[in-house]
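Please read it alongside the sequence and the coordinates.

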Amino acid sequence: MKVYHISAECYPVAKTGGLGDVVGALPKYQNQAGIQASVIMPWYDKPFVQNHSWVRVYESEIRQGSQFFNYTILKEETGVLGFDLYLVRIPGLLDRAEVYGYADEADQFIAFQHAMLAWLNATGLGPDLFHCHDHHSGLIPFFIENCADFATLKGTPTLATVHNGQYQGWMGWHKAVLMPAFDSSRWGLLDWDGLINPLAALIKCCWAYNTVSRGYLEELFSEANGLESLFVAEQNKGFGIINGIDDDTWDPASDAYLVTNFTSAKVLTGKRANKLSLCSEYGLDASLPLISFIGRFAFEKGADMLAPVLEELKASYSGRLNFLILGSGDSKIQESLQPFIDQGNNFAIEFGYNEQLSHQIYAASDFLLMPSRVEPCGLNQLYAMKYGTIPVVRNIGGLKDTVTDIVEQKSNGIVFQSVSVDNIVSAIGRALSLYEDAKLFGRIRKKIMKLDHSWNKSTKQYIQLYENLINRL
Ligand code: ADP
């Protein structure tokens, strides 16, 4: 079985969040399970791309409106990632340093999907199934059914994975001229509320879709940034498959980013060494519990709550804890945190994206706070647990599926119900009480490190879903 994952991100080539982690891991485990899974993504001006050797496999041009763009398909030469990786390079559009954030993003992702399909159509290299990830590959199921240019790919099964329903790739209808020529009588499949909506088109046209947790599958019926009724209407083809952890990258026993490696048997000394090092780097007091936040500064992550929470912690828990934040994103949230830097309250804040530091924080922290309003799966809590850090989470989406409060029997964290300063601070208060109960704290810490969040089960579920779709033909 030959499957192509189509994605904007793939770790370690390009990652801004969980999408990159998943697409960098799942295909590897699928290949180990015996299918042939590859990744096709845009070319970015990134260190991985610069430092690896590439074979040119195809070259041609596409027309976008009145412009012509040359494109090249490059394949990574060594197979170092555990799967075949193809990049679509389009000078002038897909040859930039960042994954997102350009004014012509719609043009970029239309061209990416167009060039990729034109290559596969011309060479007859089409897969048994396209696995499309989020809105960046959302037009593929529509294009292969409705564009005469991709006739050899028509009828190929498609699976869509919704990693984040908040971002939908909206564009005005004037962008339709940039697309490969399609059967215009089918325009309604692209439309949602008067705009071209690639995520909506993906859900309408795919053979099946899945979310990255079961909890999130159901939440989309009532909160999907405008697409609620679509998810309700299409629910018969919806599934929930939880993400896993790539043990090759995320294992405290072998993680090269850590000061000291450790297993669950050595959790006490291992975490202490990592905590001492991080606390000394950030001027924190290693004798106090360390609570951290890692993530995008976005409303959906509850990052706007960090500043008022720090204010409250300063008032109520001064001298009783450390709080460390690593994140980037919304500039207003960043500004709101600025006053807490260098206040001498055992608060430390690192702005930016820093892969190495994120590993060190998971290893050094006692607790990881996730006050998310929306959390499709959440990988941070899984990494935290693997590194012996107890998650303090809001009861939503994938967090609900993976974290159970300490009052329950199978407890592995601290859970609060809704996002408010009071609820977050009171959950942190409970975390501090747990920290003081050294025996229970140590027991939970050991236990969470041994939980199985590997890709094993989910890899099988994806392959089963592929088989069901392909056998439907
Ligand atoms: P998202 O919704 O952002 O994709 P996930 O929990 O699915 O959330 O995945 C987040 C991933 O991004 C994790 O690997 C996390 O460690 C990483 N991450 C988020 N922000 C940062 C940052 N500022 N620096 C380093 N890694 C980060």
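Predicted model: local features only at pLDDT ≥ 70, side-chain atom pairs only at ≥ 80, totals over all residues.

1. Residues Pro308, Val309, Glu312 and Leu313 in α9 meet Val421, Ile424, Val425 and Ile428 in α14, where contact means heavy atoms within 4.5 Å. This contact of α9 with α14 divides into seven nonpolar residues, no polar and one charged; Ala, Val, Leu, Ile, Met, Phe, Trp, Tyr, Cys and Pro count as nonpolar, Asp, Glu, Lys and Arg as charged, and the others, Gly among them, as polar.

2. Numbering runs from 1 along each chain as its sequence is written, and side-chain values use heavy atoms, with hydrogens and water left out.

3. Helix α9 (residues 306-316) and helix α14 (residues 421-436) pack at an angle of about 55°, and their axes are 10 Å apart. That makes α9 oblique to α14. Here axes are lines fitted to C-alpha atoms, for helices over the stretch in contact, and angles run from 0 to 180 degrees between N-to-C directions; angles under 35 degrees count as roughly parallel, over 145 as roughly antiparallel, 65 to 115 as roughly perpendicular and the rest as oblique. Helices (H or I, at least four residues) and strands (E, at least two) are DSSP runs, numbered from the N terminus.

4. Helix α14 also packs with helix α15 (residues 438-450), at an angle of about 100° and with the axes 5 Å apart. The two helices, α14 and α15, are therefore roughly perpendicular to each other. Leu434, Tyr435 and Glu436 in α14 meet Ala438, Leu440, Phe441 and Ile444 in α15. By class, this contact has six nonpolar, no polar and one charged residues.

5. For helix α1 (residues 18-32) and helix α16 (residues 456-471), the packing angle is about 75° and the axes are 10 Å apart. That makes α1 roughly perpendicular to α16. Leu26, Tyr29 and Gln30 of α1 make the contact with Thr459, Tyr462, Ile463 and Tyr466 of α16. The classes here are five nonpolar, two polar and no charged residues.

6. Two backbone features may be checked. The peptide bond from Tyr11 to Pro12 is cis, with omega near 5°, and Pro12 lies in the loop between β1 (2-6) and α1. Asn225, although not a glycine, has a positive phi of about 50°; Asn225 is found in the loop between α6 (214-219) and α7 (228-233).
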